[in-house]
Amino acid sequence: AELKHGRVCMLASLGCLVQEVIHLPSEATSNPVASEAFFQVPSGGLWQIFTAIGIIEHVSNGFNMSGDTMFKSGRAAGDLGFDPLSLGNNPATRAKYELAEVTHGRAAMMGLSGMIHQMIVSKQPVIDQLLHFEPATFPMSTLGGAAGNLGY
């Protein structure tokens, strides 16, 4: 699960940055703040995305979706048999790249959570806030939760 979440977060981190600059030429797809743009997608589009994700999950796991049957074929977790550059032929190189993938995936999970929280608090996209920083002007107590109890 960590490999899959890491891979998804690496792509999502890239997507959060790219969608600020490149987007479809429609008013519904022009919001650069990813945490708000998600809710502008029509429900039909969201169902298409979720259905595609479900199909990919089922096909990549050979339609074995329980923890007991998912790896009965003997494949290792995260190994989907996709190695177009043949980087996995050398065991030492493969181990190095597997460690790098887990490490980068963990960093992407933390980075994505930081970007999402930054967009929720500041209402600015990531790159725009880096270039034109504006501190939050509302009292922290309006955030609720632990942040609201800090007394700021």
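Predicted model: local features only at pLDDT ≥ 70, side-chain atom pairs only at ≥ 80, totals over all residues.
Biologist: How many helices and strands does the protein have?

Modeller: Both are DSSP runs, numbered from the N terminus: helices are H or I with at least four residues, strands are E with at least two. Here there are six helices and zero strands. Along the sequence the pattern reads α-α-α-α-α-α.

Biologist: What span does helix α1 reach?

Modeller: The expected span is 1.5 Å times one less than the number of residues. Helix α1 covers residues 2-18, 17 residues in total. From first C-alpha to last, α1 reaches 24 Å, close to the 24 Å expected.

Biologist: Which residues of α1 are buried?

Modeller: Buried means under 20% relative accessible area, exposed over 50%, and partly exposed in between, with a 1.4 Å probe and protein chains only. In α1, G6, C9, S13 and C16 are buried. Seen down the axis of α1, these buried residues fall within an arc of 90°, so they line one face of the helix. The arc is taken from the directions from the helix axis to the C-beta atoms. On the other side of α1, V8, L11 and L14 are exposed.

Biologist: Why does S13 count as buried?

Modeller: S13 counts as buried because its relative accessibility is 13%. S13 sits in helix α1. Contact means heavy atoms within 4.5 Å. Leaving aside neighbours within four places in sequence, S13 is in contact with A108, L112 and M115.

Biologist: Which residues form the largest nonpolar core?

Modeller: In soluble globular proteins, nonpolar side chains tend to be buried together. A nonpolar core is a set of buried Ala, Val, Leu, Ile, Met, Phe, Trp, Tyr and Cys residues joined through side-chain atoms within 4.5 Å. The largest one here has eight residues: C9, C16, V33, A108, L112, M115, M119 and V126. Helices α1 and α4 each give two or more residues to this core. The most, four residues, comes from α4. As for V126, its contacts beyond four places in sequence are L17, E20, M115, Q118 and M119.

Biologist: How much of the protein counts as buried?

Modeller: Of its 152 residues, 16% count as buried. Among contacts between residues at least 6 apart in sequence, 51% join residues at least 24 apart.

Biologist: Where is T29, and is T29 buried or partly exposed?

Modeller: T29 lies in the loop between α1 and α2. Its relative accessible area is 32%, so T29 is partly exposed. Leaving aside neighbours within four places in sequence, T29 is in contact with H23 and L24. T29 and V41 are 12 residues apart in sequence and 7.6 Å apart in space, C-alpha to C-alpha.

Key: Residues numbered from 1 in each chain as written. Heavy atoms only, no water.
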